[in-house]
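User: Could you walk me through how to read a few side-chain features here?

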Amino acid sequence: QVQLVESGGGLVQPGESLSLSCLASGSIFSIHNWDWYRQAPGKQRELVASSRRDGTLYVADPVKGRFAIARDDLKAAAYLQMNSLNPEDTAVYYCYAQIKQSAADPVSDYWGQGTQVTVSS
C-alpha cells in the first residue's frame, strides 16, 4: 500500500510564499507522474502543476511564473514552491502520483489527503 502525505500548508498574507511537500511511503518501485491539484470552495478540483518522469513540466496559466514543481524520486517526494500568493490561491492543495509498486504491477493512481492554503490579510 502506498500513502501520500502533504505538508506545508497554512495561512499567509498576500505576496508571501509557501512551500508544500508531498512524501510517498510504502512499497514503491517507480514513480511516474507527480501532480499538484487544488480545490477552492465551490469550485472543481484543478491541475496546478505537473512533473512527468521524462522531465516534462507543466504549470497552469493562473500560477505560471509564481509556482514551481519539483521532484526527488530518491526521496519519493514532490514539492510545490508558491510565491507571490494572492487570495485567489486559497484552496485545499492535493498531491497526486502515479506509482508502480513492483516491476510486475501496473501504474496506479494515489492521492494525498490535502493541505489547506489560505491567503488573507
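Analyst: Let's start with a polar contact, meaning a pair of N or O atoms within 3.5 Å; within protein, one must be able to donate a hydrogen and the other to accept it, and residues adjacent in sequence count only if both atoms are side-chain atoms. Here, the side chains of Asp35 and Ser50 are joined by a polar contact of 2.5 Å. Before going on: this is a predicted model, where local features need pLDDT of at least 70, side-chain atom pairs count only at pLDDT 80 or more, and totals for chains, interfaces and linings use all residues. Numbering runs from 1 along each chain as its sequence is written, and side-chain values use heavy atoms, with hydrogens and water left out.

User: Where does Asp35 lie, and is Asp35 buried or exposed?

Analyst: Strands are DSSP runs of E, at least two residues, numbered from the N terminus. Asp35 lies in strand β4 (residues 30–39). Buried means under 20% relative accessible area, exposed over 50%, partly exposed in between (1.4 Å probe, protein chains only). With a relative accessible area of 4%, Asp35 is buried. Leaving aside neighbours within four places in sequence, Asp35 is in contact (heavy atoms within 4.5 Å) with residues including Leu47, Tyr94 and Cys95.

User: How many disulfides are there?

Analyst: A disulfide is a pair of cysteine sulfur atoms within 2.5 Å, and the count comes to one. Cys22 and Cys95 form it, with sulfur atoms 2.1 Å apart. Cys22 sits in strand β3 (residues 18–26) and Cys95 in strand β9 (residues 91–100), so the pair ties together parts 73 residues apart in sequence. The torsion about their S-S bond is about -85°, so the disulfide is left-handed. Both Cys22 and Cys95 are buried.

User: And how do I read aromatic pairs?

Analyst: You describe a pair of aromatic rings by the distance of the centres and the angle of the planes. Rings of Phe, Tyr and Trp (its six-membered ring) pair if their centres lie within 6.5 Å; planes under 30 degrees apart count as stacked, over 60 as edge-to-face and the rest as tilted. The count here is three aromatic pairs. The Tyr37 and Trp111 rings have centres 5.0 Å apart and planes at 55°, so that pair is tilted. For Tyr96 and Trp111, the centres are 4.9 Å apart and the planes at 50°, so this pair is tilted too. Ring pairs link Tyr37, Tyr96 and Trp111 into a cluster.

Methods. Helix = DSSP H or I, 4+ residues; strand = E, 2+ residues; numbered from the N terminus.
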